[in-house]
Amino acid sequence: MLSKEEVSEIISYCGFHKVNRSDRLQELGISHWNFYKSRRHHLKAEKCIRPK
């Protein structure tokens, strides 16, 4: 599983450099499944921690 920082870095890199996320994942050798599973995990964890 990717760390929260790794997921965030990939998302910001793609936005800044206008690179397709799937192309960047392929460059890094990261599977789409692994990236999106990690992203979903961190989003759920963050949602549970936030006070309402």
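Arginine 24 is buried, at 14% relative accessible area (buried is under 20%, exposed over 50%, partly exposed in between, with a 1.4 Å probe and protein chains only). The model is predicted: local features need pLDDT of at least 70, side-chain atom pairs count only at pLDDT 80 or more, and totals for chains, interfaces and linings use all residues. Numbering runs from 1 along each chain as its sequence is written, and side-chain values use heavy atoms, with hydrogens and water left out.

**Arginine 24 and its partner**

- Arginine 24 sits in helix H2, residues 21-28 (helices are DSSP runs of H or I, at least four residues, and strands are runs of E, at least two, numbered from the N terminus).
- Beyond its neighbours within four places in sequence, arginine 24 contacts Ile10, Tyr13, Cys14 and Val19 (contact means heavy atoms within 4.5 Å).
- Its side chain also meets that of glutamate 27 in a salt bridge, 3.1 Å from N to O (a salt bridge is a side-chain nitrogen of Lys or Arg within 4 Å of a carboxyl oxygen of Asp or Glu).
- Both residues of this pair belong to helix H2, 3 residues apart, about one turn of the helix.
- Glutamate 27 is exposed, with 56% relative accessibility, whereas arginine 24 is buried.

**Salt bridge between helices**

- The whole structure holds 2 salt bridges.
- One of them joins glutamate 46 to lysine 4, with the closest N and O atoms 3.3 Å apart.
- Glutamate 46 lies in helix H3 and lysine 4 in helix H1, so this pair ties together parts that are 42 residues apart in sequence.
- Glutamate 46 is partly exposed at 27% relative accessible area.
- Lysine 4 is also partly exposed, with a value of 43%.

**Nonpolar core**

- The largest nonpolar core has 7 residues: Leu2, Val7, Ile10, Cys14, Leu25, Ile30 and Phe35 (such a core is a set of buried Ala, Val, Leu, Ile, Met, Phe, Trp, Tyr and Cys residues joined through side-chain atoms within 4.5 Å).
- Helix H1 supplies the largest share of this core, 3 residues.
- Isoleucine 10 touches Leu2, Arg21, Arg24, Leu25, Leu28, Ile30 and Phe35, leaving out residues up to four places away in sequence.

**Cysteines**

- Cysteine 14 is buried, with a relative accessible area of 7%.
- Cysteine 48 is exposed, at 69% relative accessibility.
- The disulfide count is 0 (a disulfide is a pair of cysteine sulfur atoms within 2.5 Å).

**Loop lysine**

- Lysine 18 is in the loop between helix H1 (4-17) and H2.
- The phi of lysine 18 is positive, about 55°, although this residue is not a glycine.
- Most residues other than glycine have a negative phi.
- Lysine 18 is exposed, with a relative accessible area of 73%.

- Lysine 37 belongs to helix H3, residues 32-49.
- Lysine 37 is partly exposed, with 36% relative accessible area.
- Lysine 37 and methionine 1 are 36 residues apart in sequence, with a C-alpha to C-alpha distance of 7.7 Å.
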